[in-house]
Amino acid sequence: MSKPQKKYLVTGGAGYVGSVVAQHLLEAGHAVTVLDDLSTGFREGVPAGAEFIEGRIQDAAKWLDPSYDGVLHFAAYSQVGESVTDPEKYWVNNVGGSVALLAAMRDAGVRTLVFSSTAATYGEPATTPITESDATAPTNPYGATKLAVDHMITGEAAAHGLAAVSLRYFNVAGAYGSCGERHNPESHLIPLVLQVALGRRESISVYGDDYPTPDGTCVRDYIHVADLAEAHLLALDAATAGEHLICNLGNGNGFSVREVIETVREVTGHPVPETAAPRRAGDPAVLVASAATARERLGWSPSRADLTGIVTDAWTFARREEPTAP
Ligand SMILES: NC(=O)c1ccc[n+]([C@@H]2O[C@H](COP(=O)([O-])OP(=O)(O)OC[C@H]3O[C@@H](n4cnc5c(N)ncnc54)[C@H](O)[C@@H]3O)[C@@H](O)[C@H]2O)c1
């Protein structure tokens, strides 16, 4: 028997991850409303079949009503470097916006929330892989704002019975159909290396090659955006009134910067020149997730962990985007 259809508000659903999750919700038969101010997202990124509201989460009370079964909250600013130079922009939008959204949910009686948290809440890991009980000590304002929202949600669940799941993504990558990654400016490794392969960038900077890793470059945990999307649907089912569940989402096996560059060369058949650059402050050598909690509590298991597949999907999407200027 098919599950009854539900109705969800997807904040930030014109962005990369939100659009892929919105598409998965629609494919599962749910009704989706995307709320996005298009500050970093794209109108054409909103999947066909979703209702679209161009607006800010700060004004969510205008649109949230008891007909919604839950909210998936992606809307945020997420450029680490910008958060260092303009931290107030991040506190106002990410934290202030989430305060308003939670209040609107409370007032409308919408009591289920899935929130996009991040590996950046942990900062420099003491051990690897990172588990949810590890210390949280963000090294930049972006991570600090996301951690603040996590704390807020914990209080909301305890005080007001919210059913909440925070998903702490590691490095999201790949694409799903017409939904893919196009941040501007781009700061994520795979799309940047693909821009070099496309001839839109001369070379890729490798920030440090003397880390204590097998090839000396930083190791990160890349998770396919479609695997990530599936976790959101499972999180909606697992959310329990009065509980704030926090789950890391990663594959548990990292790939180095060099491995990513090499894989892009293999997948695209293009040369990818590298430029050696000094280490960046606050870049840990290895960031890899333990996703044991997501497996146990959500019943989640990623099925697209292979780097070649992730890069191939991202490459297909990147070429669709040509000749848009970066
Ligand atoms: N992409 C990653 O690797 C990654 C990793 C960890 C966490 N995250 C988190 O996942 C979420 C989605 O990331 P993304 O990569 O899709 O980013 P994105 O920039 O593509 O999407 C964010 C969307 O939110 C919208 N938005 C921002 N502020 C808003 C506001 N006040 N009101 C309404 N809409 C607003 C933007 O227009 C955009 O469409 C973010 O919360 C981010 O912090 C992403």
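## A loop residue to start with

Leucine 38 sits in the loop between strand S2 and strand S3 (51-54). Helices (H or I, at least four residues) and strands (E, at least two) are DSSP runs, numbered from the N terminus. Phi of leucine 38 is near 60 degrees, which is a positive value in a residue other than glycine. For context, most residues other than glycine have a negative phi, and most peptide bonds are trans. Leucine 38 counts as partly exposed because its relative accessibility is 24%; buried means under 20% relative accessible area, exposed over 50%, and partly exposed in between (1.4 Å probe, protein chains only).

A word on the model itself: it is predicted, with local features needing pLDDT of at least 70 and side-chain atom pairs counting only at pLDDT 80 or more, while totals for chains, interfaces and linings use all residues. Residues are numbered from 1 along each chain as its sequence is written, and side-chain values use heavy atoms, with hydrogens and water left out.

## The whole protein

The protein contains nine helices and 14 strands. Along the principal axes, the C-alpha atoms fill a box of roughly 55 × 45 × 40 Å.

Of the 326 residues, 53% count as buried. Among contacts between residues at least 6 apart in sequence, 79% join residues at least 24 apart, where contact means heavy atoms within 4.5 Å. The protein exposes about 13,600 Å², and carbon and sulfur atoms supply 52% of that area. These areas come from the Shrake-Rupley method with a 1.4 Å probe, and for residues only the protein chains shown count as cover.

On the charge side, you will find 24 positive and 39 negative side chains, with the centres of the two sets 3 Å apart. Lys and Arg count as positive and Asp and Glu as negative, leaving out His and the chain ends; each charge is placed at NZ of Lys, CZ of Arg, CG of Asp or CD of Glu.

## Parallel strands

Strand S1 (residues 7-11) is largely enclosed by the rest of the structure, because four of its five residues are buried. S1 runs parallel to strand S2 (residues 31-36), and five bridges join the two. Two strands pair if DSSP finds at least two bridges between them. Leucine 9 has threonine 33 in S2 as its bridge partner. Histidine 30 lies in the loop between helix H1 (16-27) and S2, and histidine 30 counts as buried because its relative accessibility is 14%.

Strand S5 (112-118) is mostly covered, with seven of its seven residues buried. Thr112, Val114, Ser116 and Thr118 point one way from S5, and Leu113, Phe115 and Ser117 point the other way. S5 runs parallel to strand S4 (residues 70-73), with three bridges between them, and here leucine 72 stands opposite valine 114. S5 also runs parallel to strand S6 (residues 163-169), this time through seven bridges, and serine 117 stands opposite arginine 168 in S6.

Three strands form an open sheet in the order S12-S9-S14, with mixed pairing. Its edge strands, S12 (255-256) and S14 (286-287), each pair on one side only. Strand S9 (residues 219-220) and S12 run antiparallel and are joined by two bridges. Arginine 220 has phenylalanine 255 in S12 as its bridge partner.

If you like to check backbone geometry, look at two prolines. The peptide bond from threonine 128 to proline 129 is cis, with omega near -5 degrees, and proline 129 lies in the loop between S5 and helix H4 (141-160). The bond from asparagine 184 to proline 185 is also cis, with omega near 5 degrees. Proline 185 belongs to the loop between strand S7 (171-173) and H5.

Helix H5 (residues 189-197) is mostly covered, with nine of its nine residues buried; among them are Leu189, Pro191, Gln195 and Ala197. Just after H5, glycine 199 takes a positive phi of about 80 degrees.
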